[in-house]
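Subject: Handover of a structure

Dear colleague,

Please find below the structure that I am passing on to you.

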Amino acid sequence: MRYPKDGRFGEFGGRFIPETLVPAVEELEENYLKFKNDKEFKAELDYYLRVYAGRPTPLYYAKNLSEKLGGARIYLKREDLLHGGAHKINNTLGQALLAKKMRRKRIIAETGAGQHGVATAMACAALGMKAEVYMGSKDTIRQKLNVFRMNLLGAQVHPVGSGSRTLKDAINEAIRDWIANVETTYYLLGSAVGPHPYPVMVRDFQSVIGEEIRSQMRGIGRTPDIVIACVGGGSNAIGTFCPLVETDAEIIGVEAAGRGLESKKHSATLSAGSRGVLHGMMTYLLQDKDGQIAKTHSISAGLDYPGVGPEHSYLKDSRRVMYHAATDGDVVDAFLMLTRTEGIIPALESAHAVAWAIKVARRRRRSESVVVTLSGRGDKDVEEVQNYLNRNVKD
Ligand SMILES: *Cc1c(COP(=O)(O)O)cnc(C)c1O
């Protein structure tokens, strides 16, 4: 896989950070480059991915769903079966192990809905490390069960009361902490975003998804014709796409169109955004004409981010990957259809990819294959779906 030495994907990516952080990210990059090819590091990470997290995940032929639609064969990459219920553990194990090799005593992270905070707390508990997680105080109330989960796992949660008291304020606070404690602290980022080397490093840790897809499809004598994943920050998608961009597969990323792109209540950064700088990277953003970051909306908390990983911005402009957006309504329909036909409850994030797969598979021949990354399981989302259905019955 390509390693961009300057951290640039075309004009995107880079390192837009205060001078005080430059030594920290340089040291991180140096260590990442050293350990990513280190035999012992790779064996240890591989061990945890297999025996602790549950890799490899199955590639499941969704026969009932495919036959119901009457088009292409749909295969589901079952990241929902991983420990913790989502792909996030691939990244948190990788980074936590790297932090351990770098002899960092303290791990900090930030979290919105709490999913990344929980995945960080799990990886740190498994590796015998201490995690501190920043979370907007509004989110700590909305997601109090995830706060309790993190506490159970031995992590300390710091509620952030400034600004809108949500994810972006938690990110600011985590960065402030990192600047003050660079020597002792490792900042564990949750998606393929941020200053170089984070987007590349998170991509590499998640690329196990696409590598397994390639070999599992080969195992059944096929190559994927179409590959689909949902895009929030973009880590499960880039991990799916990266090992397949050199193949002939058609590749599609699906963002959250929320209540529709015209409504402004969405988080479809690539479909509706413009170039700018946020969280240390040049990328597409949802912003107004003065560069103020827009409010975002999605039925799925995990896609509710006004930026996107810089490599996706590059893949969009180079047209190697097509990006579309699915509305809350389409997503709930897909959630219900997959649950009923296959007995698999997908995360609402993943249901964005499923919604697009349903649309595409209908129009394709039976001989073709659509691979969908099911980034997580939907047990966490059943109440949200119930509320959505109740609201829309009343309307
Ligand atoms: C967090 C999350 C996402 C969004 O994150 P990416 O970095 O875009 O992958 C998608 N699906 C699930 C299940 C998640 O928990």
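This is a predicted model: local features need pLDDT of at least 70, side-chain atom pairs count only at pLDDT 80 or more; totals for chains, interfaces and linings use all residues.

Residues are numbered from 1 along each chain as its sequence is written, and side-chain values use heavy atoms, with hydrogens and water left out.

Cavities

A cavity is a set of points on a 1 Å grid over the protein atoms alone where a 1.4 Å probe fits but cannot get out; a pocket is an open set with protein on both sides within 12 Å along at least five of seven lines, and lining residues have an atom within 4 Å of a point. Grid points are joined across faces, edges and corners, and a volume is the space filled by probe spheres set on the points. Helices (H or I, at least four residues) and strands (E, at least two) are DSSP runs numbered from the N terminus.

The search of the whole structure finds 2 cavities of 30 Å³ or more. The largest cavity holds about 60 Å³ of space. Its lining includes Ala24, Glu27, Trp178 and Tyr198, and the elements that give two or more residues to this lining are H1 and strand E8 (185-187). By class, the lining of the largest cavity has 8 nonpolar, 1 polar and 2 charged residues; here Ala, Val, Leu, Ile, Met, Phe, Trp, Tyr, Cys and Pro count as nonpolar, Asp, Glu, Lys and Arg as charged, and the others, Gly among them, as polar.

The second largest cavity has a volume of about 30 Å³. Helix H13 (310-317) and H9 each supply at least two residues of its lining, and H13 gives the most, with 3 residues. Ala192 and Ile238 are among the residues that line the second largest cavity.

The second largest pocket

This pocket has a volume of about 510 Å³. Of its 20 lining residues, Lys42, Leu45, Asp204, Phe205 and Glu211 lie nearest the centre. Helices H1 (22-36), H2 (39-53), H9 (198-206) and H10 (208-219) are the elements that give two or more residues to the lining. The largest share, 6 residues, comes from H2. The lining of the second largest pocket divides into 8 nonpolar, 3 polar and 9 charged residues.

Helices H4 and H9

Helix H4 (residues 88-101) packs against H9 at an angle of about 120°, with the axes 8 Å apart; axes are lines fitted to C-alpha atoms, for helices over the stretch in contact, and angles run from 0 to 180 degrees between N-to-C directions.

Two buried residues

Ser235 lies in helix H11 (residues 235-241). Ser235 counts as buried because its relative accessibility is 6%, where buried means under 20% relative accessible area, exposed over 50% and partly exposed in between (1.4 Å probe, protein chains only). Leaving aside neighbours within four places in sequence, Ser235 is in contact with residues including His87, Ala192 and Val202.

Gly85 is found in the loop between strand E4 (73-78) and H4. At 5% relative accessibility, Gly85 also counts as buried. Not counting residues up to four places away in sequence, Gly85 touches Glu79, Asp80, Ser375, Gly376 and Arg377.

With kind regards

How values were computed
Contact means heavy atoms within 4.5 Å.
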